[in-house]
Each structure stands twice: as structure tokens, then as C-alpha cells.
Amino acid sequence: MPKAVHKMDIAQELLNGSRLALSRAITAIENEYDEATDIMKKLYPHTGNAFVLGITGPPGAGKSTLTDKLAKEYRKRGKTVGIVAIDPTSPFSGGAILGDRIRMNALTLDEGVFIRSMGTRGSLGGLSQKTADAVKAMDAFGKDIIFVETVGVGQSEVDIVKAADTTMVVLIPGMGDDIQAIKAGILEIGDVFAINKADHEGADKLNVELNMMLDLDSNMKDWRPPIQKVVANKGEGIIELIATIEEHYAHIKENGQLTQKRTERIKNEMLDILHSGIGSYITKNIVESGQLDEYVKQVKNREIDPYSVVHGIMNRMLKEQI
Amino acid sequence: MEKRIRVLVAKPGLDGHDRGAKVVARALRDAGFEVIYTGLRQTPEQIAEAALQEDVNVVAMSILSGAHPHLFPKIVNLVREKGLTDALIIGGGVIPEGDIPALKAAGVSEVFTPGTPTSAIVAFIKENVK
């Protein structure tokens with residue numbers, strides 16, 4: 001199965017506009033091929049230009065259909081679009097059915113659109129661990145706007161806020177009473193709310209409840225998330241929804257929040273890279289070498305305590321210069 | 001390293017029946033593969049482009065309309081033209097035995113006809129994917 005041997009210079013060809021290279025770059029990132037870091041190093045200077053829109057909401061809310069409609073509208077306006085669509089990986093088999101493309105078939109042959117489906121592969125926050133790097137690859141490729149569609153979320157999968165500039169929460173009528181709306185979680189992260197299937201019964205009630213929830217929000221500063229009713233499969237409300245998205249983006253650009261968010265993102269990403277680097281050093285040098293088992297024996301016999309062992313390991317690590 | 005076999009399950013042509021494709025998709029999922037399902041009525045161009053964007057290891061086409069002699073070779077060619085030179089391409093559906101040699105000659109690695117246990121498809125993919 002390994003196909004890590006690529007004859008092409010993936011990063012260079014991606015920057016030259018090769019769609020195959022973009023696709024291969026995302027595979028390398030996702031599978032953690034050795035060359036992935038080198039690819040990212042070369043792409044990094046070309047990132048930071050795209051607007052990243054996060055789309056989240058419960059399963060069946062219409063995220064993919066809405067993404068399809070929004071993408072089409074952005075294309076009409078001359079913007080190029082990247083879409084990263086995430087679906088859950090089975091915790092049992094490791095397999096996944098990635099079905100978001102079904103709603104986006106009309107976009108497939110538009111050369112200004114690139115859609116990539118990803119499985120969560122064990123990640124729990126509604127994204128895949130590699131989502132951020134896949135977004136960067138599309139950004140370096142030159143996409144103007146990148147949609148990140150999360151898995152269908154429940155209440156607490158809020159990783160999308162860290163990955164996106166603007167987060168849109170898609171809701172549908174009939175999913176519970178007003179106490180659901182004041183619980184913590186995904187309802188706290190919406191910069192923009194879309195009530196999809198607004199032609200179904202209960203849409204007005206949901207609108208009222210959401211408004212009440214937002215009225216009670218004491219943390220709200222200078223942005224009150226707008227609520228837009230849409231009927232995604234009929235294309236109703238799409239233009240109005242884009243207006244609210246654009247308004248939010250302009251707002252955070254103007255008040256410095258965008259810069260702040262992106263700075264925070266860089267910080268988090270660097271910490272992640274650092275943690276995973278130290279983690280793999282530990283796996284390789286302490287666990288796989290059998291050292292850990294030796295220590296465990298000693299600790300079990302109460303010859304030494306675990307705190308001193310760890311302190312010793314860390315001291316050695318710092319001296320060794322990884 | 002976390003490699004997963006990625007399979008595009010595609011329904012080319014005009015037949016509107018995808019029970020078989022869904023059963024296969026489900027079996028492949030349970031075998032630990034990442035399955036991207038395109039939905040019904042896809043053109044060869046759409047299938048090849050989806051295969052490119054998803055960088056799949058396998059393209060699995062399902063067809064019941066009898067258009068396989070025309071559509072399967074066309075998809076093989078388009079997928080190869082996109083640069084996916086080592087993707088495994090397989091087909092299935094209501095396909096007369098007599099048509100199979102020509103499909104294989106056109107680059108379809110294997111053709112699975114009604115009655116094939118899904119485990120045979122899984123085994124074939126595991127053995128042949130590059």
C-alpha cells in the first residue's frame with residue numbers, strides 16, 4: 001500500500017497550479033508521510049491569504065447542501081473555492097463513508113473548485129487532526145475562500161473555531177426545546193447562524209429561541225451574531241446569508257480580531273507541533289527502547305518513585321539536543 | 001504513519017439504482033477503508049475528477065444499465081490522463097461474462113458480477129492496491 005515515493009516535487013508543482021500535486025500534498029499530510037513536513041515548509045510562505053469559513057451543525061442539518069450553494073454563489077462572484085469536508089471515521093473498523101461530495105456534484109467539474117473529503121481518524125472535536133494543514137495546502141494553491149465542513153456535531157465539538165476565521169452554525173427546526181439553546185457548546189461559537197429547512201414547521205420558534213439566547217449572552221462584545229433563515233436545497237436565503245458572512249469577515253478585519261485569531265492559531269499550531277515532536281521522541285527513545293518497562297519494574301518494587309524517574313528522563317532529554 | 005486505503009465508489013451512467021453500490025461501500029468501510037461515494041448518475045469526467053481530488057487508491061464503478069462497454073474504458077482513460085497512474089480500477093454490476101475480457105483489456109483490473117461476496121472484493125483490493 002505505501003505510495004510515499006513521488007517523483008514529482010509536490011510543493012513546487014502545487015504552487016505551479018497542479019491539482020494532482022495539491023491532492024497528493026493532502027494525502028502526504030493526512031498519512032504523515034516523511035515528505036509532508038518538507039512540503040509544508042515550502043508551502044508555508046504562500047499561506048495566509050485565504051478566507052477560512054467554518055461550517056458546523058448537527059448531522060442532517062444540511063451543511064453539505066449549504067456549502068454547495070454558498071460555493072456556487074462565491075464562484076459567480078469570481079472567487080476560487082476550496083472545500084474540506086469531514087465525515088466520521090468508524091472507531092471500530094477505522095473505515096469511513098465520506099459522503100459530502102454527493103451534495104456537491106455540480107461543483108466537481110468547475111476548475112475553480114477543489115473538494116477534499118477527510119475522515120476524522122480518531123479526532124474528537126469535529127475536525128480531523130490534519131484539517132489545518134489541508135487548509136494551508138489549498139491556501140497556498142491560491143484558493144480565495146476555503147470552506148471547512150465539520151462532521152455532524154452534537155453539543156461540544158467546537159474545534160472549528162480554532163481553524164476558521166468565521167464560524168457558521170447551521171441549525172434546523174425540531175431538535176429540542178429552548179433549554180437546548182442555553183446549554184454550552186456549539187451554540188456559543190457561531191459568528192453567524194443559519195436556520196436551514198426554514199420552510200419546515202418550527203423555524204420561527206427556533207429563530208425566537210436563538211434570539212433569546214443571544215440576548216442573554218453577557219460576553220457579547222461588539223458583534224451580535226446574525227440569524228439567517230435559508231432553504232438550502234431550493235437556494236433560498238443564500239445571498240442574504242453570504243451578506244452576513246461577509247459582514248462578519250469585514251468586521252473582524254476592521255477591529256483587529258482577525259489578526260488576533262490568526263496569531264492565536266499560529267501559537268496553537270506551534271504548540272501542537274512541539275508536543276507531537278516531543279511525543280514522538282518519547283515513543284522512540286523511551287517507550288520503544290524498552291527503557292520505560294525497566295523503570296516500571298523499579299517503580300513497582302518501590303525502588304524509585306515515578307516523579308524522580310520522569311524528572312531524570314526530562315533532564316537527559318534536554319541535554320541530548322533532540 | 002497512518003495510511004488508509006481510499007476508494008471512490010462511483011455510479012456512472014443513467015441507472016438510478018445504487019443498493020449494490022451502497023452495500024459494497026458499507027463492506028469496504030467495515031474493512032477499514034475510507035470510502036468516498038459520489039452518488040448517482042455521474043459522468044466519466046466527474047468520476048475521474050473526483051478520483052483526482054480525493055487521491056484515491058481505488059476507483060470502484062458500479063453499473064446496471066448495460067453501458068459498461070462504453071463507460072468503463074472511458075473512465076479508465078480519463079483517470080489515467082489525470083495522472084493517477086497506479087490507481088486500481090475495478091467494476092461491478094450486471095455485466096455479461098462475455099463482456100469481461102474486453103473490459104479487462106481496457107484496463108479494468110477485475111469485474112465483480114452479482115453473487116460475489118463482498119469479502120472477495122475486499123480481498124482483491126487488499127492484494128492489488130499499490
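## Close-up views of a predicted two-chain model

**View 1. The surroundings of B:Ala106.** Apart from neighbours within four places in sequence, B:Ala106 is in contact with B:Phe72, B:Pro73 and B:Val76. Two residues are in contact if their C-beta atoms, placed from the backbone, lie within 7 Å. The C-alpha atoms of B:Ala106 and B:Pro73 are separated by 5.5 Å, although the two residues are 33 residues apart along the chain. B:Ala106 belongs to the loop between α4 (100–105) and β5 (110–112) of chain B. Helices (H or I, at least four residues) and strands (E, at least two) are DSSP runs, numbered from the N terminus. B:Ala106 counts as partly exposed because it has 15 C-beta neighbours inside 10 Å. A residue is buried if 20 or more other C-beta atoms lie within 10 Å of its own, exposed if 12 or fewer, and partly exposed in between, with C-beta atoms placed from the backbone.

This is a predicted model, in which local features need pLDDT of at least 70 and side-chain atom pairs count only at pLDDT 80 or more, while totals for chains, interfaces and linings use all residues. Residues are numbered from 1 along each chain as its sequence is written, and chains are lettered from A and ligands numbered from 1 in the order in which they are written.

**View 2. Chain A as a whole.** Chain A has 12 helices and 8 strands. Its C-alpha atoms fill a box of roughly 70 × 50 × 40 Å along the principal axes. Of the 322 residues in chain A, 39% are buried. Among contacts in chain A with a separation of 6 or more, 73% join residues 24 or more positions apart. The chain is divided into domain 1 (1–45), domain 2 (47–255) and domain 3 (265–320); these bounds come from an automatic or database domain assignment. The centres of domain 1 and domain 3 of chain A, taken over C-alpha atoms, are separated by 31 Å.

**View 3. The open sheet of chain A.** This sheet has 7 strands in the order β4-β2-β5-β1-β6-β7-β8, with parallel pairing. Two strands pair if DSSP finds at least two bridges between them. β4 and β8 (227–229) of chain A stand at the edges with a single partner strand each, so one side of each has no neighbour in the sheet. Neighbouring strands are turned by 20° against each other on average, direction ignored. The axes behind this angle are lines fitted to C-alpha atoms, for helices over the stretch in contact, and angles run from 0 to 180 degrees between N-to-C directions. A:Ala194 has A:Gln228 in β8(A) as its bridge partner.

**View 4. Strand β2 of chain A and its two partners.** In strand β2 (residues 81–87) of chain A, 7 of the 7 residues are buried. One side carries A:Val81, A:Ile83, A:Ala85 and A:Asp87, the other A:Gly82, A:Val84 and A:Ile86, and both faces are covered. β2(A) and β4(A) run parallel and are joined by 7 bridges, with A:Gly82 opposite A:Phe114. β2(A) also pairs in the parallel sense with strand β5 (residues 145–149) of chain A over 5 bridges. There, A:Val81 stands opposite A:Ile145.

**View 5. The largest nonpolar core.** A nonpolar core is a set of buried Ala, Val, Leu, Ile, Met, Phe, Trp, Tyr and Cys residues joined through C-beta atoms within 7 Å. The largest one has 72 residues, of which A:Leu14, A:Ala25, A:Ala137 and A:Val148 touch the most other members. Helix α5 (residues 131–141) of chain A supplies the largest share, 7 residues. The core lies between domain 1 and domain 2 of chain A, because both give residues to it. Leaving aside neighbours within four places in sequence, A:Ala137 is in contact with A:Leu14, A:Leu22, A:Ala25, A:Ile26, A:Ile29 and A:Leu43. A second, separate core of 46 residues includes B:Val7, B:Val35, B:Val56 and B:Val108.

**View 6. The contact between chain A and chain B.** Chain A gives 30 residues to the contact and chain B gives 31 residues. On the chain A side, α2 (19–30), β3 (96–98) and β4 (113–119) each supply at least two residues, and α2(A) gives the largest share, 6 residues. β3(A) pairs in the parallel sense with strand β2 (residues 34–37) of chain B over 3 bridges. Within this pairing, A:Ile97 stands opposite B:Val35.
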